[in-house]
Every structure is written in C-alpha cells, then in structure tokens.
Amino acid sequence: MGYRVVLGGRRRRLVQLLLPLLLLLFLVAAVLAEGRDYYDLLGVSREATTREIRQAFKKLALTMHPDKNPGDPSAHEKFLQVNRAYEVLKDEDLRKKYDKYGEKGLDEQQGGRYESWNFYRYDFGIYDDDLEIITLDSGDFEAAVNSGEIWFVNFYFPRCSHCHELAPTWREFAKEMDGVIRIGAVNCGDNNHLCRRKGINSYPSLFIYRAGQRPEKFNSERTKDNLVRFSMQFITTTITQLWQGNVFNEIEQAFSSGLGWLITFCSDTGDCLEPRTRQKLAGMLDGLVKVGWMDCTTEEKLCESFQVTGGATALFPPGSALDKDGSVLWLNTLDSREIYSQAMNHLPGLELLTSDSFQRKLARHRWLVSFTFGDRSSNAASNEYKKLQAFLRDDHIQVGRVDCISDAELCQSLYIHKPCVAVFKGLGIHDFEIHHGKDVLYNIVGFARDSVRAHVTTLRPDNFPSDRKEPWLVDFFAPWCPPCRALLPELRKASIQLAGRMRFGTLDCTIHHNLCSMYNIQAYPTTVIFNGSSVHEYEGQHSADGILEFIQDLVSPSVVVLDPSSFAERVKGRAEGQIWAVDFYAPWCGPCQALMPEWRRMARLLSGQILVGSVDCQRFQSFCQGQSVRAYPEIRLYPGNARQPDRFMSYNGWHRDSHSLRAWALSYLPRASVDLTPETFRSLVLSGRDHWVLDFYAPWCGPCQHFAPEFEVLARILKGEVRAGKVDCQAHYQTCQSAGITAYPTVRFYPYLGTRRFEHSGEHINSRDANVIADTVRQRLQQLLPRLQNKPKDEL
C-alpha cells in the first residue's frame, strides 16, 4: 500500500519559497567543505615561511592523525585535507599554482598518502624548534655557505636512527658554538636533489663549508667535544701576542683600517680569557675587531700604561684614544657570548646618510643601505648589520643607514615605508634593488653581491616601463609570497645573461596596487615581458634557464599558437608529408604548466622536421570539446597523410620531458635510413661509391631503441651528402663481428675514398647526438676533400 502526502496551498507555497534558499545553503556548505583555504586549514598566514608551515602542520598532525582518533570515522578524510594542504604549501612551485589557480591548478595526487603518528612525533622536523640551528633548503643553501661565514651543516634523513641519536649532541654543540660559526641542518627527505648534488650518500653526513674552498667532512666519533675541536680548527683568524716591540704599531695599523682591538691582559692575579675563548671571539668578531693578549708578568710596565695591574679584558673601538677618552669598554665576564654581545653594542654603528649626503655619496659608489624607522628596528639586527662592512669590503660595497623618521621625505620619494635593506648600484639614487629575502646576515650578504653584478631595478610609478621602446621583463610580486622570493635570485641570473638586450624590474604589488590592477595581476609572482606594444605573460619554471628559454621563444617562436581557424587551415589542411604535434591545454592546469617549457624545448629540438602547435582550451572550450578533448594536457600527433586529416595518435607515455616527447614524435617520421643485410653491406657500403654512416644495433638493446629516432634525424640532416644505413647485429652477427662491433649502438662512418673498402671497418664516432655526428662527418669530409680531388677519374 502506498502513501501520499498532500500539502495545503499555503504550505506548498512556503516550500516553493524555501527550496531555492535551502539549495543555495547546501551548495555553499559543500563548497566550503571541499574548498577550504589551505592556509586556513594549517592556521598560517599567506606570508608564512616553509619552517612555519612545517611547524603548524606538525602540531595538527599530532592531534588530528587517525592513529590518535580511532573512534572518529571522519578522521582519515579530515587529515587527508590537512596533509594535502601541507604537501602543496611546502613546495614553492605548487604553492604558486595554488595561489594563482586554487585547487584546480593542482594534480589530484598531492597529499594522498601520509605517515604514521609516530613519524610525525619523532621523525618530522627534527630541528625546527632549535633557534641556534638554521634549517637550510634548496632555495637558500648556496647563499648561506658562500656568504663568507663558516658553516657546519648536518645532512640528515628523518627515518635514520643515527640521525636521531646525534640530534641531542648537535643541539648542545649548536648552543656551544652559537655566534662563533653557523650551524645548519638539511633534511634530505625534503631536499633529495640538493643532497644528491652535494654527493651525500650516507646519514648523518657532517660538512664544514667555507666560501671558495672545498667542503671538509667530519669523520670522527660524534661527541660534542670532537665536534667543537673539529670546527675550531677552521677559525684561522690570528690571535696576536702584544708586547713592547709591536703593540703600538699593531694597534695603529688596525685603527687605520677601521678595526678595533679586544685585548685580554694575563697576570698572576685576576682573570684573563682562555685560549679557546680568544679563538672563539676572533671568529665571532672577525672583520670588526682584532683579538690579542698581553702577558703582564713579563710586560708589567706596558700593562701599567694601560692602567692594568691584574688580569682583565678590554675592548678598544677603532679610533679610541686607548685609556684616555673613556671610550674603552672594560669587560667583567669570561663568557664568549656575553663578551660578544657587549662588544657589538659598544662598536660604532653604520654610517648615517642624510638627505644632504645621500645623493652625493651614492652617485658613483655602490652602497648597501639599511632603512630604519627609529626605535622600531631591533638592536640585535642593527648589531648584526655592523658585520656587513667586513663581509662586503672585498666587493667594494660601502654600507650605511638612513633614518626614515628624520628623513621621511627621502624615504617616501623611494616608496620605502617600512624597515628594509637596498643595494644602490653606483648609478644614482634611482637605480636600486630592495632585499626581500630572509633578514639574516648570510642572506643579505649574498643578495648584495648578486645585486651589484645583476641588472634588476626596483620599479615605481615614475620609472615603470609602460611606454618604453626597449624590451623589459617585469616581475609583479608580493614580499610575503615565498615563490616570489625564490624567483628573485633567478631573475638576477637571467639579467646578467641578457645584459644589453633586455632590462629587468620588480614591482611590489603590496605598495603599488593601482599599477598591478591596471595589468590585471591576480596572483604572485606574475612575470610579464613588455616589448613595445606586445605584452607576454611568462608561464614556466621559476628558473633563470626557464626565463631565458621563454624569451628566446618570444624572439623566435618555436610553438605555433593555434585557434580554431588556424587549426583547420594548418593542421587539418596540412600538405602531404607534413606532420603536426599539438598540445591541447588549459592555463589553470598544473600538469599543463609543467609541460609548457618542455613543449617549447621539444619544438626547438624538432625544428625543420615536425611542426609544433598549442591550443588554449580555456579560451576555445567549445572547439576543444568538438575535437573530443576530455582532459588536459592532451598531446596529439597528426601524421603526414593529408588524405586522413582527422587521424591522430595520442601520447600516453609516462614521461613528459622534451626528449621523451621528441623521441615519440620522431618515431612517426617516414624512414630516411635503409636496412642493410650482409650482401648489401658488402655491395653498397664496402664496394659502393657513396659515403655511408651506419648504426649497428640490437633489437633488445634499450639505448638502441632510444637512439633510433635520433639516427633518423641524422639521416635527414645528411641527406644528399651521406647515405644512412642500419645493421641488425642480432640477425647479422657475423657481419657485425667482422666489422669489430663490440657494443650497441655503435656509429661508424664509411667514407668513399675512390678505392674498394673490403677490409675497411669504418671510423668510430663516439656520440649519440644527431647534430654532433653530422658535424663530425662533415668535418671529416672537409679533411678528405683534397685527397678525393687528387684521385684519377677512373677511380672515382
């Protein structure tokens, strides 16, 4: 028996009114449930560092993990969301795609798997909470170890038991050596490529790094004392013993170089610094202060002239009148860190630049300038900045500061509204670059050295290249965006290689909102090429090589941009024998973005052999649907049979790098080489009158299969000059053995010299690159030309 509910008229109208509202609320709830912001999921700001993201994720993992919530059936799905957010935001490229396109710009696989609760509790982020240990990754490793400071780096792997055993000792060691050298740690689980590049093949691996010198590996028992002894031997700053014969000359020389003196006076009474403490301080104060000691038991009168009658330690700032003007700092501690702190506080600060001196001093000299806003700049940071002059002295970069409270008009004219550091390149006050990296010494030093060599300018409304005739690359960015900060050093590298051909600038969209809105900037970083009236947005990897390839492609495009009309005309209407490779993509698609630079690279490799195009399926959605494109990227090859214009082959390979794609495309080219049998090898190659280049191969040989399309390229390059042939050494073993073939593939060149070549085994060419082989063959023919010209006609 069925049931039926009948509503009265008023109630029916009420339901009709409420249904759309209820449906809307349901949809909003669904969107919020599935599309919650990744930053909100982790509880971090959009400007969070990788370390902060890792720390936030660990806290969530320890409470939300399904292992800790066995009674919650939704724990797995909840933790998957958090894990996916972490996997995306910790990766600079994925983070940029997420910031620009949201979740639809990402691969569905990210964050699909996670570790046990024990892993996050004991193995994850071993040194994240240790302030004395600096966690380095691929983005800042080189800048750190090449800064001029001494670095002791621990390369570890999260699951390595020896790494965990070392961790407490490494922390104690880091506290002991804090300020003396830099202590770093690299997680090889997160930075696999960096560790492999550095030759790390066991964990933990401990290395000392000094700029310009070979790294030194620690191989002893991993105790704190051994680690201290090992690292102290790399502090090579001289500790000078002062006596009547050298003291005034040494002090005068140091003062004239802008250096002060830290002198410990040793006597039978009182305390003087131990040798190891002196050595530590020499390293900590290197470039600012020289460290020396005086034996008051033998130099009693000399010590009395310094008003010292027992053991004591004093700091003499540069230019001080020793004991006469009150500038000497007498230290009442033997602790190296306390002495360092007091000494840094007492040493003079950076040279103050005012609006009156700023333009004059920066007109012809390179300067690193710290812009401060009164008391808002921390004392610790300003003390660290005092070291900058010492690190940059050999680079001929002067260091100063500007107080933006006193000189507000100057700072406003440069659009500087908060504390920052900038490099002025000696070309006046308008050619400068602001530092947006970590506010740590090694990062600032690396930035200064790179910036003075590079050609990147901080842009403002008054120098923005909107109507310039010369080409400009402009990076629209936000300082809080980690992918933006990672891109900046790559821009500097690219600017050096393109000096004189393209200018580079950066525009901070948090300051210049209107300019960024004018160019419809919706995500950071967005990199745009301005070339006269043409504007091109860069899509590709955040690397100097990627930028250079993109610019090269703008000058000489290798990929044809197709629309429905040109697709019908050029691809569907292609001539007989003409082959097209076409990428159907969507700009928001993460894998499509990863493919773009490889697709351009492949197009250049195929130049002159296969035409390469691309179709934007976001712009031409209906057209792509009409072509049965169901997913992105869709890679198709349209072969050279013009009578079947709609026929294509789809690429289903696992790898989407340029070489794999090129090999796939070339495999559809008609053969330009010929297969040789023992009979044709003798008659055509050894007894014929043509030059030959041969590929000796075996069908089962992987490298042979990889080389096969390359050999076809070679055959086309040399067509009309040299014939190309292939010999199957599995089928014709005796022929290959008599030719002396011992490995596959083997390339041999058989030039015709006007004589029969029965015994000739050819000339080996040690390359598998078609262009290299072709160049080698042509050079050999040039060398043989005089010999061929002198042959009697009957021999030719």
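A crossing of two helices counts as right-handed if the near helix is turned clockwise from the far one by less than a right angle, and as left-handed if anticlockwise. The exercises below apply this to a predicted model.

**Exercise 1.** Describe how helix α20 and helix α22 cross, and state which residues make the contact.

*Solution.* Begin with the geometry: the axes of α20, residues 482-497, and α22, residues 544-555, cross at roughly 50° and come within 8 Å. Angles of 65 to 115 degrees count as roughly perpendicular and those under 35 degrees as roughly parallel, and α20 is therefore oblique to α22. Turning to handedness, the crossing in which α20 passes α22 is right-handed. On the α20 side the contact is formed by Leu487, Glu490, Leu491, Lys493, Ala494 and Gln497, while α22 supplies Ala544, Ile547 and Leu548. Sorted by class, these residues of the α20 and α22 contact comprise six nonpolar, one polar and two charged.

**Exercise 2.** Work out the arrangement of helix α24 and helix α26, and give the classes of the residues in their contact.

*Solution.* First take the axes, which lie 8 Å apart where α24 (residues 590-605) packs against α26 (residues 658-666) at an angle of about 50°. That angle makes α24 oblique to α26. Next, the handedness of the crossing between α24 and α26 is right-handed. The residues that meet are Leu595, Glu598, Trp599, Arg601, Met602 and Leu605 from α24, and Ser658, His659, Leu661 and Arg662 from α26. Finally, the class count for the contact of α24 with α26 gives five nonpolar, two polar and three charged residues.

Technical notes. Residues are numbered from 1 along each chain as its sequence is written. This is a predicted model: local features need pLDDT of at least 70, side-chain atom pairs count only at pLDDT 80 or more; totals for chains, interfaces and linings use all residues. Side-chain values use heavy atoms; hydrogens and water are left out. Axes are lines fitted to C-alpha atoms, for helices over the stretch in contact, and angles run from 0 to 180 degrees between N-to-C directions. Helices (H or I, at least four residues) and strands (E, at least two) are DSSP runs, numbered from the N terminus. Angles under 35 degrees count as roughly parallel, over 145 as roughly antiparallel, 65 to 115 as roughly perpendicular and the rest as oblique. Contact means heavy atoms within 4.5 Å. Ala, Val, Leu, Ile, Met, Phe, Trp, Tyr, Cys and Pro count as nonpolar, Asp, Glu, Lys and Arg as charged, and the others, Gly among them, as polar.
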